[in-house]
Amino acid sequence: MILENTPENISRAAKLLRSGGIVAFPTETVYGLGANALDAWAVSEIFRIKQRPATDPLIVHLPDLSRIESVADLSSPTTRRRLEQLNRFWPGPLSVVLPKQLCVPDAVTAGLSSVAVRIPKHPVALALLRACEVPVAAPSANPFSYISPTTAQHVVDNLGAEVSIILDGGACKIGLESTVLSITSEVPEILRPGAITAEEISAVLGVKVMRSLGTVAQGSAPAPGMLREHYSPHTKVELWDRSDKLHRGRVAFISIDGSQPAGGRQRFEIVRTLSSAGDLEEAGSNLFSTLRELDQLGLDLIVVDTCNREGLGAAIMDRLTRASARS
Ligand code: TXA
Ligand code: MG
């Protein structure tokens, strides 16, 4: 059930989390499906509801840095220094992979010796995290490998029967999942591009971060952000290769900045523009909701525009490449 984000409802949701229940809540990136990260049974419910393979680790959400050492091991001076530098991005759309504390159940980390930690910026998420007083493990609140939800209604559409509290926080401002950055080895590595860009992180850490190549075969992946087919709608998606190729059937086109195949033979049943001003932030925030909307129309194909992989463009192209990877 969708609940308005009143103080009473936030406190009800916090109680449910503390007693081992599951709560869907808004963040500035996407909606999350939360459970007490220290309660292995509650965490296993997340995997059941999402139909998520147990090999796929979760992000642990905290309201601030004060209790981060209850889940992450900061005994290495380099880790501590880097985390202090990265703290300028928090609260915000960044998840940092750190060595974990033993008390974090294997269910959360898929048995890895590291844990991903994030302090989100959404006021409802922060209020909930403060009120529940436990670290909250939360993946995106979508069925495994479907598009992440950016509104409370998206969560209802996919998981409504399984989740008793869905806190409403409006449409997510960023609309793309957080940047996942690992600092567990010498060279920091971006495992999933997001709104905090490689360029920004390199500048703050004073070292060039690696960008993970990001695709490993389905089934053999340690991290789902790295699965090739992820974030896919049911409808086939193809990247616009700027040719005048003719597609059969009912075809939609998603334009990033308003540009679209001009004067060609192809007829598009629907054209959607993510940002007519060509603003990548606006485009990113509209991407998942547009894919979901078009996915309900029973089309034969969605052709999507591409953009430069610089800055936020890296995150947008990452999601589009994965959405189009299903053959
Ligand atoms: O924006 C977000 O990050 C949202 C909101 C709810 O916080 N959460 C989210 O979670 O997108 P999820 O589970 O859909 O994606 C988490 C990503 C996965 O790619 C996972 O592999 C990676 O983080 N991850 C988590 N723990 C990890 C670890 N210990 N090592 C490497 N990657 C990890
Ligand atoms: Mg996800």
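Analyst: The axes of helix α8 (residues 280–295) and helix α9 (residues 312–323) cross at roughly 25° and come within 10 Å of each other.

User: Why is α8 called roughly parallel to α9?

Analyst: Angles under 35 degrees count as roughly parallel, over 145 as roughly antiparallel, 65 to 115 as roughly perpendicular, and the rest as oblique. The angle here is roughly 25°, so α8 is roughly parallel to α9. Axes are lines fitted to C-alpha atoms, for helices over the stretch in contact, and the angles run from 0 to 180 degrees between N-to-C directions. Helices themselves are DSSP runs of H or I with at least four residues, strands are runs of E with at least two, and both are numbered from the N terminus.

The model is predicted: local features need pLDDT of at least 70 and side-chain atom pairs pLDDT 80 or more, while totals for chains, interfaces and linings use all residues. Residues are numbered from 1 along each chain as written, chains are lettered from A and ligands numbered from 1 in the order written, and side-chain values use heavy atoms, without hydrogens or water.

User: Which residues of α8 and α9 meet?

Analyst: Leu280, Glu281, Ala283, Gly284, Leu287 and Phe288 of α8 meet Leu312, Gly313, Ile316, Arg319 and Leu320 of α9. Contact means heavy atoms within 4.5 Å. By class, this contact has seven nonpolar, two polar and two charged residues. Nonpolar covers Ala, Val, Leu, Ile, Met, Phe, Trp, Tyr, Cys and Pro, charged covers Asp, Glu, Lys and Arg, and the others, Gly among them, are polar.

User: What is the handedness of the crossing where α8 passes α9?

Analyst: The crossing of α8 and α9 is left-handed. That label applies if the near helix is turned anticlockwise from the far one by less than a right angle, and right-handed applies if clockwise.

User: How do you know whether Glu133 counts as buried or exposed?

Analyst: Buried means under 20% relative accessible area, exposed over 50%, and partly exposed in between, using a 1.4 Å probe on protein chains only. Glu133 has 51%, so Glu133 counts as exposed. This residue lies in the loop between α5 (123–132) and β7 (136–137), and has a positive phi of about 60° although it is not a glycine.

User: What about Ser145: buried or exposed?

Analyst: Ser145 is at 18%, so Ser145 counts as buried. Phi of Ser145 is also positive, near 75°, and the residue lies in the loop between β7 and α6 (152–159).

User: What makes Ser255 count as buried?

Analyst: Ser255 has 0% relative accessibility, so Ser255 counts as buried. Ser255 lies in strand β13 (residues 251–255). Apart from neighbours within four places in sequence, Ser255 contacts Arg272, Thr273, Leu274 and Asp305. A polar atom of the Ser255 side chain lies 2.7 Å from the backbone nitrogen of Gly258.

User: Why is Ser276 called exposed?

Analyst: The relative accessible area of Ser276 is 67%, so Ser276 is exposed. Ser276 is in the loop between β14 (270–273) and α8. Not counting residues up to four places away in sequence, Ser276 touches Asp257 and Glu282.

How values were computed
A polar contact is a pair of N or O atoms within 3.5 Å; within protein, one must be able to donate a hydrogen and the other to accept it, and residues adjacent in sequence count only if both atoms are side-chain atoms.
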